Amino acid sequence: MAKSPETEHPNKVFGWGARDKSGVLSPFHFSRRDNGENDVTVKILFCGVCHTDLHTIKNDWGYTYYPVVPGHEIVGIATKVGKNVTKFKEGDRVGVGVIAGSCQSCESCDQDLENYCPQMSFTYNAIASDGTKNYGGYSENIVVDQRFVLRFPENLPSDSGAPLLCAGITVYSPMKYYGMTEAGKHLGVAGLGGLGHVAVKIGKAFGLKVTVISSSSKKEEEAITHLGADSFLVTTDPQKMKAAIGTMDYIIDTISAVHALYPLLGLLKVNGKLIALGLPEKPLELPMFPLVLGRKMVGGSDVGGLKETQEMLDFCAKHNITADIELIKMDEINSAMERLAKSDVRYRFVIDVANSLSPP
Amino acid sequence: MGKVLEKEAFGLAAKDESGILSPFSFSRRETGEKDVRFKVLFCGICHTDLSMAKNEWGFTTYPLVPGHEIVGVVTEVGAKVTKFNAGDKVGVGYMAGSCRSCDSCSDGEENYCPKMVLTSGAKDFDDTMTHGGYSDHMVCAEDFIIRIPDNLPLDGAAPLLCAGVTVYSPMKYHGLDKPGMHIGVVGLGGLGHVAVKFAKAMGNKVTVISTSERKRDEAVNRLGADAFLVSRDPKQMEDAMGTMDGIIDTVSATHPLLPLIGLLKNKGKLVMVGAPAEPLELPVMPLIFGRKMVVGSMVGGIKETQEMVDLAGKHNITADIELISADYVNTAMERLAKADVKYRFVIDVANTMKPTS
């Protein structure tokens, strides 16, 4: 007979989970494995709320295994380390991001690209190598193989640093891979949400000129005076869009709704690169002429490997880059999700897990 | 006011959106000090000629003399021309001019210069309209002239000037020219068959991807492809998922990208060189989950075109052609619209193009 989430593993754990595609989160009792010899047990302090969490609880992409405990922007304290663990000790401040497992022996894993391992398992809503389901960071603690644990740099605050574990690496990885870090070049950031605002900060840290591209002027002052963007382009202003044609070397497109690529491609110079990071539910329309006539590129990228995630955290620590967050209590998560669906957050909710998650 | 053109020329022009070509007399400029004048021997028919003749893209100016896969023999060179002499075998491709001073021009990428002048149907810097190679002779700036290797038959070499460089350029630019790589070629027409030949010359494993079985024998036994994949066969497609480093997509009709993206390995590149007029559906998730990319490309720079033709000379690569007379052009265009050609029509200009009486 199948074991229940509470009895599947030896250690009872409390968190909040969603049980169906209404996406409503509520207290949920489950269990986690014993701390194995390669494992680190992390008492969770904070967990960021990523848009993927929202998509998953509502089964927008059609592959949610209910019940699901989301959360993959986790910062906490190591409370136990297995006997083979060399990189961490009890009391260390650590992070866990999007990936909790991989085969550790394929070409991608050998290249520190666990994110592209065909057997990669996500921190939540995935089946681990022992056949059990992974539950994420909207919970008291998590047990993870040391390979998938990150050292959290000293000067990065735990709460505003947490979103870097997904949002940060999601923009950092393609910027490095696709060569979008040449100082003086011009980066467009389409969409100013969790990913977008971090992309502006990281872009500035690489010495790029950064233009935020948005459908409304609402966030213009914020983008320039607070986030440090050099300019702001409203896509619904035809004159400004026309003046900006062919001016950008790169565009990071973080928009998660279906949207038009044609005007964005027009903003790129010849040989320009547009990296699509948002995950719209339906395909986008790709006009071929701008792509062909300007040798332009649309590429994708999926978080980053663990080595690169550590590099990103160290880079952000060096440049004092954190996310702009709104700290919430665990029991405020459902209204936070409703607001997230309307992009009503500047720019990431972070759950104060340690101080607000209490079993009933 | 436009420049006065002194030299008489004759050829075939489309005069309206019917795209029907008929005899046409016009003039070309005198040979300037940096110009090369050459008698046209052969001119390939590219699908673009058909689209332009019928104004499918909305920017055709009539009368239009098409033709940008032009080879011939030099008859006269200007005083400052250093690279060519009378009697040389030369060619001209898609471009006849560019600004010579922007970043693209400086990088040898004249094809991306914002002021690039098309060989046919564009306004030149002297305000006159360019007329292409469906004509008795051409005069062109030295910088845009390509030398044809001696060992290449001129009729089979002509299509390389557009089809050849169109596939060669992105293969080099995107690093798909390394021996042992697995390259897919979608569509087996003018571009596709040349892509197979170049990819084999580069040492790639080549799989032709087609909608029907029909061309398998041809692709594998005659053109030298290593494998043939029918895109409408789900089992064949599934077995081939995640096996290709790059795909050269030459199809100019609307078609699904999702199955092609699935054929790519992680980091794979889907190169679009066909130019469907309608946008295609781009599923973003497979790009993201495999760090894959879709890129466009358009012909190549002059330096690259010369490099491509020299490589063709080294490996004896020519296009597979059907040589036609000038008075067959309209029938050829109708057949081209139905992809009924193996694989490029080439007009035997010197022997069959007659002046208007």
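**Chat on a predicted two-chain model**

Visitor: N55(B), buried or exposed?

Guide: N55(B) is buried, at a relative accessible area of 17%. Buried means under 20% relative accessible area, exposed over 50%, and partly exposed in between, with a 1.4 Å probe and protein chains only.

Visitor: What kind of model is this?

Guide: This is a predicted model, in which local features need pLDDT of at least 70 and side-chain atom pairs count only at pLDDT 80 or more, while totals for chains, interfaces and linings use all residues. Residues are numbered from 1 along each chain as its sequence is written, chains are lettered from A and ligands numbered from 1 in the order in which they are written, and side-chain values use heavy atoms, leaving out hydrogens and water.

Visitor: New topic: α5(B). What length does the helix reach, against what is expected?

Guide: Helix α5 of chain B (residues 190–201) has 12 residues and reaches 17 Å from its first C-alpha to its last, close to the 16 Å expected at 1.5 Å a residue. The expected span is 1.5 Å times one less than the number of residues.

Visitor: How many of its 12 residues are buried?

Guide: In α5(B), 10 of the 12 are buried, so the helix is largely enclosed by the rest of the structure. Among the buried ones are H193(B), K197(B) and F198(B).

Visitor: What do they pack against?

Guide: The buried residues of α5(B) pack against α4 (163–173), β10 (182–186), β11 (205–210), α10 (302–315) and β18 (344–348) of chain B. Contact means heavy atoms within 4.5 Å. Just after α5(B), G203(B) has a positive phi of about 85°.

Visitor: Which peptide bonds in chain A are cis?

Guide: One is from Y66(A) to P67(A), with omega near -10°. P67(A) sits in the loop between α1 (51–57) and β4 (74–81) of chain A. Another runs from R346(A) to Y347(A), with omega near -10°. Y347(A) is in the loop between α11 (333–341) and β18 (348–352) of chain A.

Visitor: What is R295(A) in contact with?

Guide: Leaving aside neighbours within four places in sequence, R295(A) is in contact with N271(A), G272(A), E109(B), Y112(B), S169(B), Y173(B), G296(B) and S297(B). R295(A) is buried, at 4% relative accessible area, and is found in the loop between α9 (288–293) and β16 (297–300) of chain A.

Visitor: Chain B overall: how many helices and strands?

Guide: Chain B has 12 helices and 18 strands. Buried residues make up 61% of its 357 residues. Among contacts between residues at least 6 apart in sequence, 64% join residues at least 24 apart.

Visitor: What is its radius of gyration?

Guide: For chain B it is 20 Å, which agrees with the value near 21 Å that a compact globule of 357 residues would have. The radius is taken over C-alpha atoms, and the globule rule is 2.2 Å times the number of residues to the power 0.38. Along its principal axes, the C-alpha trace of chain B spans about 60 × 40 × 40 Å.

Methods: Helix = DSSP H or I, 4+ residues; strand = E, 2+ residues; numbered from the N terminus.
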